[in-house]
Amino acid sequence: MKPSPVPEKRVLAVDPTSRGFGFAILEGPEILIDWGVKQTRVRKNRRCLKQVQELIERYEPDIIVLEDCGAKGSRRCLRVRNLIQSFRVLAANRRIPTRCFSRLRVRQVFSEQEAWTKHQIATAIARQLPELKPHLPPFRKPWMSEDERMAIFDAVALALTYYRLANLRRIIPSAQGLPLAIHAA
Amino acid sequence: MVHPKLPNYLRRYRKRARLSQEELAFLLGGGSGAKVSRYERFKRIPGLETGLACEVVFGVPVRELFAGIFQKVERNTGRRARLLARRLGARQAEPLMAEKLSRLRRFLPS
């Protein structure tokens with residue numbers, strides 16, 4: 001059964017980093033509207049919150065997708081956990097629903113494309129959305145710190161996870177909390 | 001329900017073309033990057049000439065570049081067409097009126 005041609009929701013995905021956040025706005029799994037990295041060095045949470053507020057006002061997303069930092073195995077610091085919580089409060093005040101996905105969930109979704117590591121996921125995204133190809137960071141060596149542009153790919157990965165799971169739910173309405181392997185079967 | 005589009009998608013296409021705001025402003029004929037920034041932040045609506053220049057630069061029809069504005073114009077025009085059709089409907093017996101009405105109904109929203 002094919003999913004009905006329902007217009008896709010406009011999604012704002014935000015991925016906080018140590019110096020700011022990466023974001024992506026999509027209107028479907030293949031329609032990337034805007035993307036980028038915002039950086040700040042002082043009063044990080046307050047400034048990040050203000051910048052996300054501006055993005056919400058400009059793009060009026062239907063849903064905001066964030067990382068589930070409360071999930072098992074999450075290694076986010078307290079500041080980032082608080083920031084993500086603030087994003088959720090901001091969204092709730094504006095009556096915008098939020099969805100949170102753990103890194104494990106994202107990896108499960110991308111495992112369909114045989115992408116498990118961050119770099120493999122970023123490469124898979126660059127293949128799907130060629131406009132992101134110039135932003136693809138080089139393969140990270142053990143002595144290198146993470147490229148700031150990786151936050152864009154992490155944000156896009158969250159948004160694509162949302163679309164993938166939303167489409168599955170459209171096909172199999174009863175498939176709410178089932179693991180992905182069962183959906184695909 | 002029609003999904004509301006953004007007023008314009010200039011930022012998307014500019015970034016895809018890997019152009020800076022300054023470069024796009026130059027291609028659009030004068031002005032600074034600040035003007036392009038205002039278009040992209042939906043603070044200002046470009047004129048017809050600029051809109052057509054955008055179509056030339058990106059190779060995308062104006063109605064797609066300015067999808068939200070197009071949606072709004074289409075809706076408003078449809079509403080006015082319905083109103084006009086109702087007004088003309090009273091004078092259906094007059095010659096040429098039937099043709100005019102059928103022309104109007106062609107772009108009436110369903």
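A:E8 sits in the segment that precedes β1 (11-16) of chain A, where strands (E, at least two residues) and helices (H or I, at least four) are DSSP runs numbered from the N terminus. The model is predicted: local features need pLDDT of at least 70, side-chain atom pairs count only at pLDDT 80 or more, and totals for chains, interfaces and linings use all residues. Residues are numbered from 1 along each chain as its sequence is written, while chains are lettered from A and ligands numbered from 1 in the order in which they are written.

A:E8 counts as partly exposed, because it has 17 C-beta neighbours inside 10 Å. On this scale a residue is buried with 20 or more other C-beta atoms within 10 Å of its own, exposed with 12 or fewer, and partly exposed in between, the C-beta atoms being placed from the backbone. Leaving out residues up to four places away in sequence, A:E8 touches A:E27, A:G28 and A:Y163; a contact requires C-beta atoms, placed from the backbone, to lie within 7 Å. A:H119, 111 residues from A:E8 along the chain, has its C-alpha atom 27 Å from that of A:E8.

Chain A as a whole contains 6 helices and 5 strands, which follow the order β-β-β-α-β-α-β-α-α-α-α from the N terminus. Buried residues account for 30% of its 185 residues. Of the contacts in chain A between residues at least 6 apart in sequence, 65% link residues at least 24 apart. Helix α3 (residues 103-110) of chain A is largely enclosed by the rest of the structure, because 6 of its 8 residues are buried. These are A:R103, A:R105, A:V106, A:Q108, A:V109 and A:F110.

Confidence comes next. pLDDT, the predictor's confidence in each residue from 0 to 100, has a mean of 86 in chain A, with 88% of residues at 70 or more. Over residues 181-185 of chain A it stays under 50, and the model has 5 contacts beyond four places in sequence for them. Where pLDDT is low, the predicted coordinates should not be read in detail.

A nonpolar core is a set of buried Ala, Val, Leu, Ile, Met, Phe, Trp, Tyr and Cys residues joined through C-beta atoms within 7 Å. The largest one has 43 residues, and A:A13, A:V14, A:A24, A:A155, A:V156 and A:A159 have the most contacts inside it. Helix α5 (residues 150-171) of chain A supplies the largest share of this core, 11 residues. Beyond its neighbours within four places in sequence, A:V156 is in contact with A:A13, A:A24, A:W35, A:I125, A:L129 and A:L132. Another core lies apart from the largest one and has 12 residues, among them B:Y9, B:A25, B:Y39 and B:L65.

Chain B has 7 helices and 0 strands. Its radius of gyration, taken over C-alpha atoms, is 19 Å, whereas a compact globule of 110 residues would have a value near 13 Å; the globule rule is 2.2 Å times the number of residues to the power 0.38. The C-alpha trace of chain B spans about 60 × 30 × 20 Å along its principal axes, and 18% of the 110 residues in chain B are buried. An automatic or database assignment sets the domain bounds, giving domain 1 (10-65) and domain 2 (70-106) in chain B. The C-alpha centres of these two domains of chain B are 34 Å apart.

Where the chains meet, chain A gives 7 residues and chain B gives 10 residues. On the side of chain A that touches chain B, β3 (32-39) and α1 (44-59) of chain A are the elements that give two or more residues.

Technical notes:
Two residues are in contact if their C-beta atoms, placed from the backbone, lie within 7 Å.
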